Amino acid sequence: MSIARPPAQPVATAAAGQRTGTTGLAGESLVLGFGSRVVVDGVDIEIVPGRVSALVGPNGSGKSTLLRGLARLHRIDGGRVDLHGGAGEDARPAAALSAREFAQQVTLFAQSRLAPSGLSVREVVAFGRHPYRRRFAGPSEADRLAVDRALRATGVHGMAERAAGELSGGELQRVWLAACLAQETGVVLLDEPTNHLDLRYQIETLDLIRDLADDYGAAVGVVLHDLDHAARIADEVLLMQSGRILAAGAPVDVLTAEHIGAAYELRVEVDLDPRTGRLRIDPIGRHGARQHAASAAAS
Ligand code: ADP
Ligand code: MG
């Protein structure tokens with residue numbers, strides 16, 4: 001990964017083994033909870049090949065639980081999750097696939113991950129190949145190539161032989177992202193992939209997500225905290241609040257001052273940057289509000 005010049009081996013190559021643009025994932029009337037507490041309450045969501053769907057919303061609104069439910073890592077109390085297969089294939093209930101089959105189609109970059117001890121970076125990334133491994137067999141040539149591509153795409157190739165346990169939080173995060181890419185799935189679910197990353201890798205990760213959808217037709221569902229980031233890369237934004245979708249659609253229609261104000265209980269100003277044409281979201285905190293009041297009084 002490099003900002004100054006395009007990477008010699010972009011993510012693209014990491015995704016080269018993907019079944020391009022055919023697999024999608026849909027949740028319908030999904031209800032998920034913890035014990036009797038419902039935290040995702042009747043959500044419809046479609047993760048479509050070649051498109052990036054960004055999930056945004058305040059802490060605790062149910063984003064991670066929703067993503068985990070889609071990835072079959074959280075019990076479904078209501079509704080259904082379907083995998084939309086290749087051309088001519090009908091939708092199949094996700095639950096009908098074996099764990100191995102499902103893992104060849106869907107990967108999740110989870111929000112909380114264990115810090116590996118005693119493993120090299122390359123070994124951690126090789127975890128991503130688990131759905132393709134044959135019992136008692138070592139890694140195949142395809143496994144080795146996929147791991148190599150993923151290491152390069154996330155900029156951790158230079159540290160491949162280092163102990164993963166001694167990396168910084170941001171470096172380790174890129175290693176786990178590489179493990180997801182090495183899985184070479186058509187559906188890529190990412191929970192706050194830019195957290196803990198420095199500015200360069202935040203932007204590179206956003207670019208990489210866009211590449212996955214544009215160049216390889218991956219169906220991407222990504223939780224993002226930064227609304228500017230969501231506006232920057234998403235085809236569709238789903239704004240969650242208290243377990244429900246408050247608004248869904250094009251970024252410009254969802255990321256309005258009204259919607260954001262309602263979801264986050266915060267005053268914001270939203271406009272289009274005339275230079276870049278991008279949405280600009282400007283939160284007005286208590287200090288900003290004072291400045292607004294002062295300038296209004298002065299005029
Ligand atoms: P988000 O990702 O939007 O911040 P989460 O999906 O993590 O939200 O959490 C949704 C709700 O579920 C929150 O109220 C949270 O406190 C609750 N929750 C999350 N994990 C657990 C858990 N392991 N046990 C009980 N409640 C949980
Ligand atoms: Mg979360």
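Residues are numbered from 1 along each chain as its sequence is written, and chains are lettered from A and ligands numbered from 1 in the order in which they are written. Because this is a predicted model, local features need pLDDT of at least 70 and side-chain atom pairs count only at pLDDT 80 or more, while totals for chains, interfaces and linings use all residues; side-chain values use heavy atoms, with hydrogens and water left out.

**View 1. The surroundings of ligand 1.** Let us begin with the residues near the ligand (a heavy atom within 4 Å). Phe34, Arg37, Val39 and Pro58 are among them, as is the run Asn59, Gly60, Ser61, Gly62, Lys63, Ser64 and Thr65. Look next for the polar contacts (pairs of N or O atoms within 3.5 Å). A polar backbone atom of Gly62 sits 3.0 Å from a ligand oxygen atom. From the side chains, a polar atom of Lys63 is 2.8 Å from an oxygen atom of ligand 1, and an N or O atom of Ser64 is 2.9 Å from one.

**View 2. Helix H5 against helix H6.** Helices here are DSSP runs (H or I, at least four residues), numbered from the N terminus. The axes of H5 (residues 141–153) and H6 (residues 169–182) come within 8 Å and cross at roughly 140 degrees. Axes are lines fitted to C-alpha atoms over the stretch in contact, and angles run from 0 to 180 degrees between N-to-C directions. On the H5 side, Ala146, Val147, Ala150, Leu151 and Ala153 make contact (heavy atoms within 4.5 Å) with Ala178, Leu181 and Ala182 of H6. By class, the contact has eight nonpolar, no polar and no charged residues.

**View 3. Helix H6 beside helix H7.** H6 and H7 (residues 199–216) pack at about 10 degrees, their axes 13 Å apart. H6 and H7 are therefore roughly parallel (under 35 degrees). Arg174, Leu177 and Leu181 of H6 meet Tyr201, Thr205, Leu208 and Leu212 of H7.

Methods: Helix = DSSP H or I, 4+ residues; strand = E, 2+ residues; numbered from the N terminus. Nonpolar A, V, L, I, M, F, W, Y, C, P; charged D, E, K, R; others polar. Polar contact = N/O pair within 3.5 Å; in protein donor to acceptor, adjacent residues only side chain to side chain. Parallel < 35°, antiparallel > 145°, perpendicular 65-115°, else oblique.
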